[in-house]
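Work through the exercises below with the structure open. Try each task before you read its solution.

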Amino acid sequence: MALENLWEKTAVAPPATKILASAQSAYDLMVIGAGFSGCSAALTARDLGASVAVFEARTIGYGGSGRNVGLVNAGLWTPPEDIEATIGKREGSHLYESLSAAPDHVFSLIDRLNIECNARRNGTLHCAHADTGLADLKLRAKQLRARGAPVELLGANATRHRVGSDRFKGALFDPRAGTIQPLSYVRGLAKEAMKAGAHLFENAPVHHVKKTSSGWMVSVGEQVIFAKALLLATNAYLKGLSGLPAPQFTKVGYFQAATRPLEPTWQRSILPGKEGCWDTAMVMSSFRMDGEGRLVIGGVGSLDSIGRGTHLAWAQRKLAHLFPQLAKETLQEAWSGTICMTSDHIPKILDIGTKGYALFGYSGRGIGPGTVFGATAAHALLTGDRQDLPVVPTKAHTEKLTGLKEVYYEAGATLTHMVSAR
């Protein structure tokens, strides 16, 4: 099996970016990170007529955005009532409403800008791996329907026909959702932002940030760039940046492997509706079809570690377990990425100083939240109007990294402080 990212193999060509030597010295908004959030922010900034520069340490979508499963989901993994219990009813309801509309935002961008990314809005299936999983889906369905979501709880027989597998007790179908080729999508956002006048620089790692009396100053290579506002949008891929305390989160590896394009008869019987799927197991797995009929299966784990062989063997067994007719199919490509997970599974906006935000913690739901958070953060930073932000920006964040310690983040601090958990 080749350790090759399928999305890299099948994505549209990347846009030609600018040479850093040609960068101007000052912008209205500076963005660090060219993933879903950063490119969405740049597009919004240009819609507002602001000058904007995006600095990417590697290439567009190199991080989680180009390694994503490609499910455009509504809301978060966390059920609405749990969100409200964690951050309050009013704030939780606002976050839920903001992200329930995320697929509308993503697919409308795709349609309006003619982004080529194999977009299919055929819904998703959250599949119950056991009776306990089905009970969880029933609870989720009740909460979602109470908030007007058009979800449908399917029984075992209906799920078997929709999935092409008899391994599930049922499924929760969400017609608001869909699938995309994630790397093509983020490249499309970048291309359109650049077409609108945004400056985007690849292989341009920011190594130092400093707050000034008039805004922000960053060092990129030998160059010093100034901006009135700053957006840190690196999520799990922040590295080598001084001048700001690092946002705290837990890194979780997730890998995927893909078959060859399946025979037409199998494509008609396995996921004939082309929904994206994931299951209710404690160690979650996902599966979907790509635009050329490959079955892509994923699970928790990193292929960059000594457990690579174990993970790949699991994927081969999982494929045969779900779809016995594919037991002799060999997985062709495999890749992995890193999820930025917060302990409460709720994304964060950190207020890192006047006209400065850091976005992170999408906890496995990068496409919808990333696009929405990036757009609304850019709007708030440039206009001062924060009412559309999905969550209230905070100057402090406590993150449980282990059972013994928490990390306390405070904007403007020079160090991150460790405190005992209570």
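**Exercise 1. Handedness of a helix crossing**

Task: Decide whether the crossing of H2 and H11 is right-handed or left-handed, and which angle class the pair falls in.

Solution: 
- Step 1. Locate the helices: H2 covers residues 36-47 and H11 covers residues 367-383. Helices (H or I, at least four residues) and strands (E, at least two) are DSSP runs, numbered from the N terminus.
- Step 2. Look at the axes. They come within 7 Å and cross at roughly 40°. Axes are lines fitted to C-alpha atoms, for helices over the stretch in contact, and angles run from 0 to 180 degrees between N-to-C directions.
- Step 3. Classify the angle. H2 and H11 are oblique to each other, because angles under 35 degrees count as roughly parallel, over 145 as roughly antiparallel, 65 to 115 as roughly perpendicular and the rest as oblique.
- Step 4. The crossing of H2 and H11 is right-handed.

Keep the source in mind. This is a predicted model: local features need pLDDT of at least 70, side-chain atom pairs count only at pLDDT 80 or more, and totals for chains, interfaces and linings use all residues. Residues are numbered from 1 along each chain as its sequence is written, and side-chain values use heavy atoms, with hydrogens and water left out.

**Exercise 2. Salt bridges**

Task: How many salt bridges does a search of the whole structure find? Then describe the partners of two of them.

Solution: 
- Step 1. Apply the cut-off: a side-chain nitrogen of Lys or Arg within 4 Å of a carboxyl oxygen of Asp or Glu. The search finds 18 salt bridges.
- Step 2. Take glutamate 333 and lysine 9. Their closest N and O atoms are 2.7 Å apart. The pair links distant parts of the chain, 324 residues apart: glutamate 333 sits in strand S16 and lysine 9 in helix H1.
- Step 3. Check the cover. Buried means under 20% relative accessible area, exposed over 50%, partly exposed in between (1.4 Å probe, protein chains only). Glutamate 333 is buried at 6%. Lysine 9 is partly exposed at 46%.
- Step 4. Now take aspartate 136 and arginine 140, with 2.8 Å from N to O. Both lie in helix H6, 4 residues apart, about one turn of the helix. Aspartate 136 is partly exposed at 27%, whereas arginine 140 is buried at 18%.

**Exercise 3. Positive phi**

Solution: 
- Step 1. Start from the rule: most residues other than glycine have a negative phi.
- Step 2. Read the angle. Asparagine 118 has a positive phi of about 50°.
- Step 3. Asparagine 118 is in the loop between helix H5 and strand S4. With 43% relative accessibility, asparagine 118 is partly exposed.
- Step 4. Asparagine 235 is partly exposed at 21%.

**Exercise 4. A glycine in a strand**

Task: Is glycine 356 buried or exposed?

Solution: 
- Step 1. Find glycine 356 in strand S18.
- Step 2. Read its relative accessible area: 0%, so glycine 356 is buried.

Notes. Left-handed = near helix turned anticlockwise from the far one by under 90°.
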